Amino acid sequence: MSQFNLTIFGGTGDLSYRKLMPAMYNLYIKKELPEDFMITAIGRREYTSEDYHKIVEPWITEFAQVKVKDQALEQFFTHIHYFRMDFTDLSLYQLLDDYYEKNPTSNHVVYYAVSPEFFNVITDGFSSLKNIHEPKIVLEKPFGATLSSAKVLSEKLERLFGKDHVYRIDHYLGKEMVRNILTIREANLLFANVWNKENIDSVEISALEEVGVETRGNYYDHAGALKDMVQNHLLQIMSIVAVDDPHGDINTQQLEVLRHLRPLDQVDIKDTLLKGQYEGYRQEMHIDPASKTETFAALKLFIDTDRWQGVPFYIRTGKKMERREIVVKITFKSLRDDVDPDVLVIKIQPTEGVYLEFNIKTPGEDSITKAQMDFCQNCNLIFKLNTPEAYERMLHACMDGDGSWFSKWELIERSWQYIDTLKQMYIDADLPIYTYPQGSLGPKEADQLYTKK
């Protein structure tokens, strides 16, 4: 009996090649996997295990965090088995059951690395197997096409496998600097005592991408920036920034933050959301020539709690932007009108680190100037090598049964309801989708969200 088996539905997909296999290799090299482990890659293509090894080798070589060595890679491949199967054919699951009977495991993680349209059939087929023991089911977002269908699926998964055995992965929660938000706050008196409306003027969360939709047109044109980025990743980050107690139950507190977002019947949609689309988007592959899908979204949100009442949370995300970055910027209140505010920037991607800007006396003069302290974590080779990649961290957590940094359904449902309502309000108000040049910072009209509280 193996000590651990990772079964991947969608073993021949981009996610498996780019993320899952390199992450598992990292864990293997770092000796964070049990000696007796298996990876079962399920796909419909007529590959042998040897064929599959040759296909994933260049992906592991390119994307693994650690340097790949031939001998180590050969040993790693002895743990990888390719299982050919059309997972949409329920009659074939008996063959998979026979495979597990011959290859039992005491710790089974099952990864749905496929489009959400296949989640239901895989769930139906896999739950019928006799030779599995308390598997942990990992779902990659999007968790469904609509809120109602996602809710039905979630209830089915929890009923068949157990609520604590369903892991809804948001890889942003595995990023080092997202986790560091709480540490920066709780381990420094400098910030712990000022993390409130009395001292903070605004919070900005930016997630900018230089790339466009690339090969994801079929998905993206039905999703858009709000669903692809804001609904999950960025509301997650916002809720982590805004929790009351960094030592407490984070999942419960995140949900409380979302519950206290200002009710949308009390806001003016023109002062809350602006949508944009980059020039040339409608000419991209698999995009509707008349598409009104947003590739850019700017939001101004308020959290109506004692801690955050009146503090605007600005969220901005877009494709084909001037630069690639994910940052959280905390702007503190100014002590005087003639003095610029202090600023704390938590850099999440691609640079990982912390930037602090504060006021000092200009040397030799009576005026005030800015001083900067800039810490780059991934500029340090040792720090970089010692920091797990997001998928590496999340897979290890699944293996250990640690669900603390995975998205709970209640949080997903709340985010989904909020964004769906916001999108409908924008449509009902007949507000425009503003175009913006590729390589810019988005529509110039977005600046209006920042002009008043």
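**Terms and values in this model**

Guide: Let me start with strand β10, where both faces are covered: P312, Y314, R316 and G318 are buried on one side, and F313, I315 and T317 are buried on the other. This is a predicted model, in which local features need pLDDT of at least 70, side-chain atom pairs count only at pLDDT 80 or more, and totals for chains, interfaces and linings use all residues. Residues are numbered from 1 along each chain as its sequence is written, and side-chain values use heavy atoms, leaving out hydrogens and water.

Visitor: What makes β10 largely enclosed by the rest of the structure?

Guide: Buried means under 20% relative accessible area, exposed over 50% and partly exposed in between (1.4 Å probe, protein chains only). Seven of the seven residues of β10 (residues 312-318) are buried, so the strand counts as largely enclosed. In a regular strand, side chains alternate between the two faces of the sheet.

Visitor: Why does S16 count as buried?

Guide: S16 has 0% relative accessibility, so it counts as buried. S16 sits in helix α1 (residues 14-29). Apart from neighbours within four places in sequence, S16 is in contact (heavy atoms within 4.5 Å) with I8, G10, G11, M21, P22 and A113.

Visitor: How do you know that helix α10 is mostly covered?

Guide: Seven of the 10 residues of α10 (residues 250-259) are buried, namely I250, N251, Q253, Q254, L255, V257 and L258. They pack against α7, α9 (217-242) and α13. As for the names, helices (H or I, at least four residues) and strands (E, at least two) are DSSP runs numbered from the N terminus.

Visitor: How do you know which strands pair with β10?

Guide: Two strands pair if DSSP finds at least two bridges between them. Strand β7 (residues 200-208) pairs with β10 in the parallel sense over six bridges, and I205 has I315 as its bridge partner in β10. Seven bridges join β9 to β10, and these two run antiparallel; there, L301 is partnered by F313 of β10.

Visitor: What makes β14 and β15 edge strands?

Guide: Each of them, β14 (368-376) and β15 (433-436), pairs on one side only. They end an open sheet of nine strands with mixed pairing, in the order β14-β13-β12-β11-β7-β10-β9-β8-β15. The twist averages 20° from one strand to the next. Helix α13 (residues 409-428) lies across β8, β9 (296-302) and β15, running at about 80° to β8.

Visitor: Why are α5 and α6 called roughly parallel to each other?

Guide: Axes are lines fitted to C-alpha atoms, for helices over the stretch in contact, and angles run from 0 to 180 degrees between N-to-C directions. Under 35 degrees counts as roughly parallel, over 145 as roughly antiparallel, 65 to 115 as roughly perpendicular and the rest as oblique. Helix α5 (residues 119-127) and helix α6 (residues 147-161) pack at about 15°, with axes 11 Å apart. The two are therefore roughly parallel.

Visitor: Which residues make the contact?

Guide: F119, N120, T123, D124, F126 and S127 of α5 meet L153, K156, L157, L160 and F161 of α6.
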